[in-house]
Each structure stands twice: as structure tokens, then as C-alpha cells.
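Please go through the helix packing and the strand pairing of this model.

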Amino acid sequence: MEPYRFHVFVCDQKKPEGVPCCSARGSAKVIDALRREIMAAGLAEDVQVTTCGSIGLCERGPNMIVYPEGIWYSVVQVADIPEIVSEHFQSGRVVERLANRDQAALRAEIDGNKKKMLAARAANDAAGVLPDDFQQAVRGFQASRILLSAIELDVFTAVGDGASAETVASQLATDPRAMAMLLDALVALAVLHKDYGRYTNTPMSSRYLMAGARDDSRAALMHTAHLWERWSTLTDCVRQGTSVTHREMVDRGDEWTTAFIAAMHRSASARAPLLVHAIDLNGVRRVLDVGGGSGAYAIAFAQANNDLRAEVFDLPTVVPITQRHIDEADVADRVTTRTGDLRTDDFGDGYDLVLLSAICHMMGPEENVDLLRRCFAALSPGGRIVIQDFILAPDRTAPRTAALFAINMLVATQQGNSYTSEEYDTWLREAGCDDVKHITLPGPTGLMIGRRE
Ligand SMILES: C[S@@+](CC[C@H](N)C(=O)[O-])C[C@H]1O[C@@H](n2cnc3c(N)ncnc32)[C@H](O)[C@@H]1O
């Protein structure tokens, strides 16, 4: 029995530039249109769309195969999608003008393409050509730099509803030739469209990269732009064993701090519901959010439990931003702030829960044990320390995000790193916790929870 009436496999194969393939021939737009049309026709339960690798008709993409009949459609354009949906999926009639009915010709074409592909692979191998994915990884900085410069210059806002390169250049006081080059590269990266010399935003850039956009992410992305300089020092950091550009958070200036906390706030707002869901807040009355940043977690705790009061502990340069978020969430009667230095201060006592979200990675092992001891001292009996962070597998090479984040800490901090659950377990026990648990969450971070008996 088939779980769907129709199962459509659409090729989305990507190949090196210049080599024919469905993605180069517009499969992404066709897949998007197909999914939308199926939804609009109310067929989401009947028709399953699955993207797949090459089906061997690369010069005639985009290609799709519809099962159970096994009909191969080629050179499918966005404009063909309504007909395929209404004819094939609604009326059960094959769209003959797009269908490949000659099985023998189909097979010969596939075999011919396979031979060409194997010959090209053998030639590359004989010539010692670097693998494509490795070359792409090495050159990855180019796309990243183009995007970061566009964000720094606020190009997407200047493009607005549509503009020429000259207009964007003059609005941003930049060189017209260079701006045209940057805009064209942004089109190549599919974050802008270009039509007769006029540039427009894509749905993605209009939603995230323009001033006044619904999910304006420019402030948070500026933090990534700020990381660029530090990451350029990685080679020296590896030689020296630590960050060669380290500056204390309090000395980094307003622009840096605003972007940093905006970036933290974006990910914290997305993760706060998961964290709140994973922790039993029954009976929790007092929470301390150490290095609480924007206060997103403290606010989420207060919103989840009306009896709970939370205190966000952070640097004097950050707490005014925290206060703004608390006021906006209208929880100032139950969420308060305290300024201090988490590396040295005592945190007081009487807390049911102390949260350390994205804090331990900034510090070395001994600093973490010292911090956890002070957090433990702040707990009432039965209270918990909750650590949220990237948690590495025992051999430290996975998950990839955690392993790469360790490098972010190498270039930015004196002793920071990503750590394993075993390390957190040991430190929480050294700090005095008896019962220690590792909770996995969907996404890049997990929880380590230690309880004071
Ligand atoms: C990576 S952010 C995490 C913010 C927040 N906990 C979250 O998960 O979104 C680190 C936080 O620690 C704060 N911080 C860094 N050094 C600090 C220090 N010495 N004393 C107090 N807070 C500090 C930063 O201001 C920032 O808010």
C-alpha cells in the first residue's frame, strides 16, 4: 500500500558550475512552485514531493518522476506546474507534452550521460584535480565576505522596492562601479534579483535584511560581521595557543555590544520555549540568570510561571539593553537586573534555579569549576544549576557546530572552548551537585543539569 496517492521525485542535483544539472536549470523554483500548487489545490495529504539526486537526464532538467505510474517529465518550467497538478494529480491524466514515453531513448540518454560523467571523473582523478566540495569549502569566505559587506553597507535597505546600481551607490555614498559589482555578485548568490539593470530584493532578503522588515536581522548579523576580523587571526591563535585580539566584553564599545546582544537575543528567543519546556518549573520561585544577556530566558521563565521571579546578572554595558527587553515584555515587576562580574562575584543565596546559558564556553576548565561553585553556593537545597551550551561528543569532533564553535572561542577568548558532557558532569559534581543529567534538545545546544541535595 502506498502512503500517498502520488509520490513525486524531483531532481535537485547540484554539479560544478558549467556542468548541466537540474539545479542549474532552475529546479529550486520548480520545486517551490510544485509544493505551493499542491498546497493550494488541497492535495498535501495525497501528493508527496521528495527532492533527489540525478536521474540521468541532466541536459533536459528540471526532471521529475511521478509514481505509482512512473511517468518521467522533463524540461519542467514553473509555468507547467498548475497543469501537472490539475491534470495529473487531480484528474489522473498524464501531461503528454512533457512526458518521456520512449523508454529505449530514455535509457540510451541516461547511459550516455553516465558514461560522460564517469569519463570526466576519471580525467579529474588522473589529473589530480582537487575535489569540488573541498575547493568550495576553501573558497567559502568569498560568499561570506560579499554577504557581510552588503550587510555592513545596508545594501538591501537601499535596494528597497527596486533600484539601479547608480541609485544604490549614491544613496550609500559608495563607488558606482564597485557597487554594481557587489550587486551582481549578490544576484549570483541568489539574495537579490536583477531585471534590465534594476535590482530587487528576494523574498528572503525582504524578510530579514531590510530596515523595517518583519524579521529584520541586520543588527544580529552585524555580530557575525564583527567576528570576521577575529577569525582572520586564527593562524596566529593556533601558534600562540590563545586569542591574539582578546578584549574584555566591557571594553568592546557600544556598537559591538549592541550587535552581540542582538545576536544572542535572536537565538535565545528561538530556544527559550525549548528550554522552558525541558525544565520542570514547578515550585521554582527564584531564578538567577548569570550572564543573562538580553534576558530572553529569564523573561520566558517568568511568562511560563506567574509565581516565579528572575534576576538577570550581567555587565553594566549590557544591563540597559536587558532592561529594554524586560520592559517590552511587560514583566518588570518579576524580572529584575543586577550588574556584576560573573568571573569573580558571589551571587548571593536562596535561588531555586541558576541558569548559565552560553556562558561556560567563554571560560577554561578551572574558571568553570570556580563559577559553578559560586552558582552552587547560591542554590537553596533542592535547587538546580542549568547549563545550556554546545556539547561535544567524547572525541570532540562532533557535532560540527560545537566543534567549529570551539574555534570561535579560540579566536575570541583566553581560555574558552566547547566541552563534553563528561567534562560538565565532572565540574558540576566538583562544585557540589549530586544528581547530574544531560538533556539533549533539538538544535545545536544541550542542557546539563546539576541538583543540590
Ligand atoms: C554568549 S552571551 C549569552 C547570553 C545569554 N545567556 C544567552 O544565552 O542568550 C554571554 C553573556 O555573558 C555576559 N558576560 C560576559 N562576561 C561577563 C562578565 N565578566 N560578567 C558578567 N557578565 C558577563 C555577556 O554580556 C553576555 O550577555
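Questions and answers on two packing arrangements follow.

Residues are numbered from 1 along each chain as its sequence is written. This is a predicted model, in which local features need pLDDT of at least 70 and side-chain atom pairs count only at pLDDT 80 or more, while totals for chains, interfaces and linings use all residues.

Q: Are H1 and H2 parallel, perpendicular or oblique to each other?
A: Helices (H or I, at least four residues) and strands (E, at least two) are DSSP runs, numbered from the N terminus. Axes are lines fitted to C-alpha atoms, for helices over the stretch in contact, and angles run from 0 to 180 degrees between N-to-C directions. Helix H1 (residues 27–40) and helix H2 (residues 81–91) pack at about 40°, with axes 9 Å apart. Angles under 35 degrees count as roughly parallel, over 145 as roughly antiparallel, 65 to 115 as roughly perpendicular and the rest as oblique, so H1 and H2 are oblique.

Q: Which residues of H2 meet H1?
A: Contact requires C-beta atoms, placed from the backbone, within 7 Å. On the H1 side the residues are Val-30, Ala-33, Leu-34, Glu-37 and Ile-38. Their partners in H2 are Ile-81, Pro-82 and Val-85.

Q: What is the order of the three strands in the open sheet?
A: Two strands pair if DSSP finds at least two bridges between them. Strand E5 (163–164) and strand E6 (192–195) are the edge strands, each pairing on one side only. E5 pairs with strand E7 (residues 198–201) in the antiparallel sense over two bridges. The order is E5-E7-E6.

How values were computed: Contact = placed C-beta atoms within 7 Å.
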